[in-house]
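Dear colleague,

Please find below the structure I am passing on to you, together with its sequence. My notes on selected helices and on one strand residue follow it.

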Amino acid sequence: MKVTQEKLPASQIGLEIEITPEITKQTYEQVIKNLASTANIPGFRKGKVPRPILLQRLGTTRIKAAALEELIQDGIEQAVKQEAIPAIGQPQLRSSFEDLIKNYEPGKPLTISAAVDVEPEVNLVQYTDLQAKAEEVKYEPERVDATLDKERQELATLIPVEGRAAQIGDIAVVDFKGSFARGEGEDETAELEPIPGAEATDFQVELQEDKFIPGFISGIVGMNPEETREIAAQFPDPYANEDLAGKAATFTVTLKELKEKELPEVNDDFAQEISDFETLEELRASLVEQYQKEADDKTKTNKQEALLTELLNHVEVDLPATMIEQEVDAMLTQTAMRLSQQGLDVRKLFTTDIIPQLRERSRPEAIERIKRSLSLREVGKRESIQVTPEEIATRVTELLEQYPEEQDVDEEKLRSIVENELLTEKIVDWLLEHSSVELVPEGSLNPIEEKEDAESDTDADAPQTEEETSEASTEVTEG
C-alpha cells in the first residue's frame with residue numbers, strides 16, 4: 001500500500017492512500033458473495049441468487065458503496081499502522097464519498113484521502129527568567145478573634161427578653177408577609193401585590209443589618225412583642241432574583257418573641273468545649289499557625305498561577321480538535337459527578353438543549369488547561385525532571401493512611417494520579433526557582449473583580465424567597 005503523508009493545520013496528518021487493484025477487486029467480490037448469501041429475493045433461495053440477478057436487483061451503486069465502506073475503514077487503519085502514526089481519536093475521511101463511488105472500479109487502484117489527529121508539537125519560546133506579578137495574601141491576626149467569636153456565638157444561650165423593645169443584636173421571632181410597594185399615582189385603596197415566596201411564620205432572625213434586605217431589620221428595631229408594623233424595605237440591585245432587583249417592598253411584620261444571647265466566657269473551658277486543646281493559649285496558637293499556613297499557601301498558589309499564565313504567553317502549540325473535545329468531555333463529566341454528589345438530578349440539568357451550550361462555554365478553559373499541561377510536560381522533558389518510585393510510594397502510603405475508610409481503592413490508578421501530581425509540583429517549583437514573581441498587595445491586580453466578588457458575597461448573605469433560592473441553584477449548576 002502506497003501512503004503519502006502531508007502535514008495539516010490543527011496537528012493533523014493528511015494521508016493519500018493508494019489501494020491496490022487486487023484489494024479493490026477482492027473486496028468487491030467478497031461483498032457480492034456476502035450479499036448473495038443473505039439477500040432475500042423472491043423466486044430464489046438464499047445463497048442461490050445468480051450474480052446478474054443480484055446486480056440488477058441491488059444495483060451496482062449499492063454494492064460499490066458497501067465495498068467502499070470496507071475499503072476505507074481497512075485502508076485507513078492499515079495506513080496508520082504501516083506509517084506508525086501516533087494517531088489520537090478517530091480518523092476523518094477527506095475524500096467525497098460520492099466521488100469515490102464514481103471513481104471506484106474493481107480491479108483498478110483507488111486513492112483515498114484521510115486525516116488523523118496527532119499529539120501536537122510544543123514550542124516553548126521561553127520558560128526561564130519569566131517575569132510575573134502575584135498578589136501576596138498576608139496573615140490577618142484578627143481572624144483568630146473572629147473565629148473564637150463565631151464559636152462563642154454558636155454556643156450562646158438564648159434568653160427571653162422582657163420589658164424592652166427590640167434592639168440590634170437580639171434574636172427576633174416574627175411572622176411576615178411581603179408585598180410590592182405601591183407606586184406613585186396608584187390607588188391607595190387597592191390591595192398590594194404579594195411577593196411570591198416572601199412569607200413566613202415563626203421566622204427567627206438575628207437583628208443585624210446584613211441578615212436581610214435593607215430596611216427590614218431597622219424596621220423591627222424598636223418593636224415590642226405582639227406588635228405588628230408595616231415596614232418599608234428595598235431589594236438591592238443587583239439581586240439573585242433579577243425580577244426583584246431594585247424593587248421597593250412593604251412587609252407586614254408581627255414580632256412574636258424577643259430573645260438575647262448569653263455568651264460563654266472565652267477561657268480554657270471554652271477551648272475544651274470547641275476543640276481538643278486543654279487551654280485557650282494552645283487553641284489560639286493552633287489557629288495562628290493554621291491561618292499563617294493558609295496565607296502562605298494562597299500566596300504560593302497565586303505565584304504559581306501568575307507564572308503559569310505568563311508561561312502560556314511564550315508557548316506555541318496547534319491543538320488538535322480531538323484533544324480539545326476530550327478535555328471538554330472530561331470537564332463536563334467532572335461537573336456532572338460533582339453536581340450528582342450534591343444531590344442534584346444531572347439528567348434534568350444536562351439536557352440535549354443545554355449540553356451544546358455547556359460544551360461551547362467550556363472550550364476556552366479546556367484549551368487553556370491543555371496548553372498548561374503540555375507546556376509543563378515539555379519543561380519536564382527538556383530539564384529531565386522526574387519522580388522517583390520511592391516518592392510515589394511514600395505519597396500513596398500517606399493517602400491510604402489518611403483515608404483508611406476507603407475500601408475499594410485502585411492502587412494502580414492512585415499511583416498514576418500521584419505520579420502526575422508530584423511531577424507537576426516538581427516542574428512548577430523548578431519554574432519558580434528559575435523565574436521572578438513580584439509579590440504585590442492583595443486586591444491590587446484585579447480591584448474591579450475583588451469589588452464585584454465582595455458585592456456578590458454581601459448579597460448572598462441575605463435570605464431569599466423560595467423562587468430566588470431555586471433560581472440561584474440553577475445559576476450555579478449552569479455556571
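Which residues of α9 are buried? In this predicted model, they are Thr 322, Met 323, Ile 324, Glu 327, Val 328, Met 331, Leu 332, Ala 336 and Leu 339. Helix α9 itself covers residues 321–341, 21 residues in total. From first C-alpha to last it reaches 30 Å, close to the 30 Å expected at 1.5 Å a residue. Gly 343 follows α9 and has a positive phi, near 90 degrees.

The buried residues of α3 are Ile 63, Lys 64, Ala 65, Ala 67, Leu 68, Leu 71, Ile 72, Gly 75, Ile 76, Ala 79 and Val 80. Just after α3, Ala 84 adopts a positive phi of about 55 degrees.

The axis of α12 (residues 389–402) comes within 9 Å of that of α13, and the two cross at roughly 115 degrees. The crossing is right-handed. On the α12 side, the contact involves Glu 391, Ile 392, Arg 395, Val 396, Leu 399 and Leu 400. On the α13 side, these meet Glu 411, Leu 414, Arg 415, Val 418, Glu 419, Glu 421, Leu 422, Glu 425 and Lys 426. By class, the residues of this contact are 7 nonpolar, 8 charged and no polar.

For α11 (residues 354–382) and α13, the axes come within 10 Å and cross at roughly 80 degrees. Angles of 65 to 115 degrees count as roughly perpendicular, so α11 is roughly perpendicular to α13. Leu 376, Val 379 and Gly 380 of α11 meet Thr 424, Ile 427, Val 428, Trp 430 and Leu 431 of α13. This contact of α11 with α13 has 6 nonpolar and 2 polar residues, with no charged residues.

Finally, a note on Lys 256, which lies in strand β11 (residues 248–262). Lys 256 counts as partly exposed because its relative accessibility is 32%. Leaving aside residues up to four places away in sequence, Lys 256 touches Val 173, Val 174, Asp 175, Thr 201, Asp 202, Pro 225 and Glu 226. Between Lys 256 and Gln 292 there is a separation of 36 residues in sequence and of 45 Å in space, C-alpha to C-alpha.

With kind regards

How values were computed: Residues are numbered from 1 along each chain as its sequence is written. This is a predicted model: local features need pLDDT of at least 70, side-chain atom pairs count only at pLDDT 80 or more; totals for chains, interfaces and linings use all residues. Side-chain values use heavy atoms; hydrogens and water are left out. Axes are lines fitted to C-alpha atoms, for helices over the stretch in contact, and angles run from 0 to 180 degrees between N-to-C directions. Helices (H or I, at least four residues) and strands (E, at least two) are DSSP runs, numbered from the N terminus. A crossing is left-handed if the near helix is turned anticlockwise from the far one by less than a right angle, and right-handed if clockwise. Contact means heavy atoms within 4.5 Å. Ala, Val, Leu, Ile, Met, Phe, Trp, Tyr, Cys and Pro count as nonpolar, Asp, Glu, Lys and Arg as charged, and the others, Gly among them, as polar. Buried means under 20% relative accessible area, exposed over 50%, partly exposed in between (1.4 Å probe, protein chains only). Angles under 35 degrees count as roughly parallel, over 145 as roughly antiparallel, 65 to 115 as roughly perpendicular and the rest as oblique. The expected span of a helix is 1.5 Å times one less than its number of residues.
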